[in-house]
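Welcome, and please take a moment to look over the sequence and the model before reading on. The paragraphs below are meant to be read with both in view.

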Amino acid sequence: MNLFDKPYSTTKIYSFTALLITICFVFTLILRIILAKSHHSDLGGVEQNVIYSIQRLLFDGKIYTDPGYIPFTITQYTPMYHYICGLVAWICGLDPETDIYQLYRIGRGANVIINLLLAFIVFRISFRKLNLSIPLSIALGLGCFVCVFRQGFTVRPDSLMDFMIILSVYFFLGYLKDRASGRVNLILASVVAATVIFVKQSGVQIPVILLSFLVFVGDWKGLKISLLSFILSFALCAGILFLLYKQVFFLNVIGGVANGIDTSWFIFYVFGNGFKIKILIPAFFVLLITFYRWNIFKADIITRFLCFCACAMLAFAGITVLKSGSNVAYFAPFFTVSLLLFAWQLKALQSQSPTSYYPSIAFTLYFSGICVLNVVHQYKEVKKLEFDNNNQTLTREQLAASVAEYVRTNLKPGEYVFANLNDESIIEESYGRRGINNILFKYCLIPELDIFKSSNVKSGVLGYANFRNAILSKTTKYIIESTTPFHFKIIPDLDKIKNSQYRLAKEIGAYKIYEHTVFEPIR
């Protein structure tokens, strides 16, 4: 019997797809757990920066300080993810100075759990809100877990933001399905949309999308409810943070992210195979569905919202990804919503022509193919990181730790160290920071040096003059550098100051430790 000789053969297609993606999910979950336990200080996305902010939170309760003064630190993200990780660390009784590895495990482990919650909420949207079949709903949910971008399972707030954006979409779809009695869903969608801004600033896209859609469809009553719910929730969160940090909060989360536009960054660091396969292909079909027969104006309310939402997310990510220092993970919410739109359209097509299974085959081949490719790619990364090159990388990590420990034993309160080192990731075999600033979190100057290196404009909030004075004076006891080329200079005359005011005190492997000449040489 031919597989496709019955009108309900799409059930078989979706069942096979769900089985294949479930296998991919199991392998991916194992790989994510292995990575969560990794001893490497940067799996991607410069994890050390977020770890540093969590350390400061545990140490003195302050995530944000004025970047114009010592220690010249910038926490670029809004704080909810930091507070969640910090709370878990506090409950576990961790010491921010000695339990650094455990902080990594908490941050990465939390994101694995959040990725699972994302899979669950995508399943709920598919099965409960869009009334898709169970096999297809399972495939979509687990597939979204498999396809999470790297920034979604490292110590970063991206995964929490993505989950809360999709959670807001879930509640909003509940409202659209039953506007007469769905006000609670609308309020919940608006509250979550307001809260997600305080996970990461990019979350601002979802309240704008929801409110704009209500205007677009002329739902003025819903707009009033949503706008009021959003304003109250946003004002509450912003008010609490302003009471805690005053204007310092805005110096970090607004002034600290003003990196400028850099198209070359996009070409070199974003426009890769993952972008082409997971973003460009869905973008083409989203635009096709949206404007085919003007679906965004004439189709059912669910189709109109999913089209509106996907297009708005694509536009938002397409603009913000041009910012220097950005990454492809900006498109993660768009990718998830585009999958929901495709599945919804397949259901509509199937109801019109039950034997139209070819679009379903095309979609499932594409989606399951992406999942398989993700598993293969992540397996290669884990094999390279945790097995093939593990000893080499751990040697570099231990070397950096020994440098930090040497410096720490020779520092007194009020003395600081500047690690003039490049950041690194698993694909870059460098003698960079590798957690040096985390071990020295009480003593380091400019712990997030990469923020300024990746920016193509001069920071408007960093105290360059105060930093220069700190380097010139005995406030800064050590400067750490390495043999790895690092051409960025936070101030133009840094080398001149180092050569005239500092002496080479010690070499540890590829690292060089320079000591200010006002201090007696270590015997």
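Predicted model: local features only at pLDDT ≥ 70, side-chain atom pairs only at ≥ 80, totals over all residues.

Residues are numbered from 1 along each chain as its sequence is written, and side-chain values use heavy atoms, with hydrogens and water left out.

Let us begin with confidence. The predictor's confidence in each residue, from 0 to 100, is called pLDDT. For the protein its mean is 92, and 96% of the residues reach 70 or more. Helix α8 (residues 205–216) has the highest confidence, at 98, and helix α11 (residues 263–269) the lowest, at a mean of 73. Over residues 1–7 the pLDDT is below 50, and this stretch has 10 contacts in the model beyond near neighbours in sequence; a contact means heavy atoms within 4.5 Å. The helix and strand names come from DSSP runs, numbered from the N terminus: helices are H or I runs of at least four residues, and strands are E runs of at least two.

Now find the sheet. It is an open sheet of five strands in the order β2-β1-β3-β5-β4, with mixed pairing. β2 (444–445) and β4 (502–508) stand at the edges with a single partner strand each, so one side of each is left without a neighbour in the sheet. Two strands are said to pair if DSSP finds at least two bridges between them. One of the facing pairs is E481 with K512 in β5.

How many of the residues of strand β3 are buried? For strand β3 (residues 476–482), the count is seven of seven. Buried means under 20% relative accessible area, exposed means over 50%, and partly exposed lies in between (1.4 Å probe, protein chains only).

Next, look at the empty space. Rolling a probe the size of a water molecule over the atoms shows where empty space is left. On a 1 Å grid over the protein atoms alone, a cavity is a set of points where a 1.4 Å probe fits but cannot get out, whereas a pocket is an open set with protein on both sides within 12 Å along at least five of seven lines; lining residues have an atom within 4 Å of a point. Grid points are joined across faces, edges and corners, and a volume is the space filled by probe spheres set on the points.

The second largest pocket holds about 730 Å³ of space. Its lining has 21 residues, and those nearest its centre are I289, Q345, L346, L349 and P359. Helices α12 (273–291), α15 (332–352) and α16 (358–388) each supply at least two lining residues, and α15 gives the most, with six. By class, this lining has 15 nonpolar, four polar and two charged residues; Ala, Val, Leu, Ile, Met, Phe, Trp, Tyr, Cys and Pro count as nonpolar, Asp, Glu, Lys and Arg as charged, and the others, Gly among them, as polar.

There are five cavities of 30 Å³ or more. The largest cavity has a volume of about 180 Å³. It is lined by 19 residues, with L118, V148, F149, D162 and A332 the closest to its centre. In the lining of this cavity, α6 gives the most, with five residues.

Q378 is found in helix α16 and counts as buried at 7% relative accessibility. Leaving aside neighbours within four places in sequence, Q378 is in contact with T28, L31, R32, V146, V148 and F153. S41, in the loop between α1 (9–36) and α2 (47–60), is also buried, with a relative accessible area of 5%. K474 sits in the loop between α20 (464–472) and β3, and is exposed, with a relative accessible area of 58%.
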